[in-house]
Amino acid sequence: MELKEKIKMLREQTGLSRKDFSTHVGIPLRTIEDWEAGRRKPPEYIPRLIKYQLLYEEIVNKWQEDKETDEKKE
């Protein structure tokens with residue numbers, strides 16, 4: 001899978017628009033657009049870092065939900 005496809009897949013998994021995704025991950029919108037269109041190629045490590053960020057956020061959100069559920073049980 002090409003890097004541009006990885007970036008697009010990660011964005012689509014979040015359900016965010018390009019603009020919202022760029023804000024969320026801290027990468028300029030124009031850069032995201034260029035990567036997805038294949039006009040520019042991101043460094044090899046970028047899709048991996050974005051994936052790690054999204055996984056981290058998922059884990060933290062799950063932990064917070066579990067914590068809230070446990071607090072309601074008490």
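Colleague: Is Arg 30 buried or exposed?

Modeller: This is a predicted model, and in it Arg 30 has a relative accessible area of 56%. Exposed means over 50%, so Arg 30 is exposed.

Colleague: Which residue forms a salt bridge with Arg 30?

Modeller: Look for a side-chain nitrogen of Lys or Arg within 4 Å of a carboxyl oxygen of Asp or Glu. Here the partner is Asp 34, with the closest N and O atoms 3.5 Å apart. Both residues belong to helix 3 (residues 29-37), where four residues, about one turn of the helix, lie between their positions.

Colleague: Is Asp 34 buried or exposed?

Modeller: Asp 34 has a relative accessible area of 8%, so it is buried. Asp 34 also meets Arg 39 in a salt bridge, at 2.9 Å from N to O. Arg 39 is exposed, at 57% relative accessibility. Through shared partners, salt bridges join Arg 30, Asp 34, Arg 39 and Arg 40 into one network.

Colleague: How many salt bridges does the structure hold?

Modeller: Seven. Among them is the pair Glu 44 and Lys 41, at 3.9 Å from N to O; Glu 44 and Lys 41 are exposed.

Colleague: At what angle do the axes of helix 2 and helix 4 cross?

Modeller: The axes of helix 2 (residues 18-25) and helix 4 (residues 46-73) cross at roughly 85 degrees and come within 11 Å. Angles of 65 to 115 degrees count as roughly perpendicular, so helix 2 is roughly perpendicular to helix 4.

Colleague: Which residues meet there?

Modeller: Phe 21, His 24 and Val 25 of helix 2 meet Ile 50, Gln 53, Leu 54 and Glu 57 of helix 4. By class, the contact has four nonpolar residues, two polar and one charged. Glu 57 is partly exposed, at 23% relative accessibility.

How values were computed:
Residues are numbered from 1 along each chain as its sequence is written. This is a predicted model: local features need pLDDT of at least 70, side-chain atom pairs count only at pLDDT 80 or more; totals for chains, interfaces and linings use all residues. Side-chain values use heavy atoms; hydrogens and water are left out. Axes are lines fitted to C-alpha atoms, for helices over the stretch in contact, and angles run from 0 to 180 degrees between N-to-C directions. Helices (H or I, at least four residues) and strands (E, at least two) are DSSP runs, numbered from the N terminus. Angles under 35 degrees count as roughly parallel, over 145 as roughly antiparallel, 65 to 115 as roughly perpendicular and the rest as oblique. Contact means heavy atoms within 4.5 Å. Ala, Val, Leu, Ile, Met, Phe, Trp, Tyr, Cys and Pro count as nonpolar, Asp, Glu, Lys and Arg as charged, and the others, Gly among them, as polar. Buried means under 20% relative accessible area, exposed over 50%, partly exposed in between (1.4 Å probe, protein chains only).
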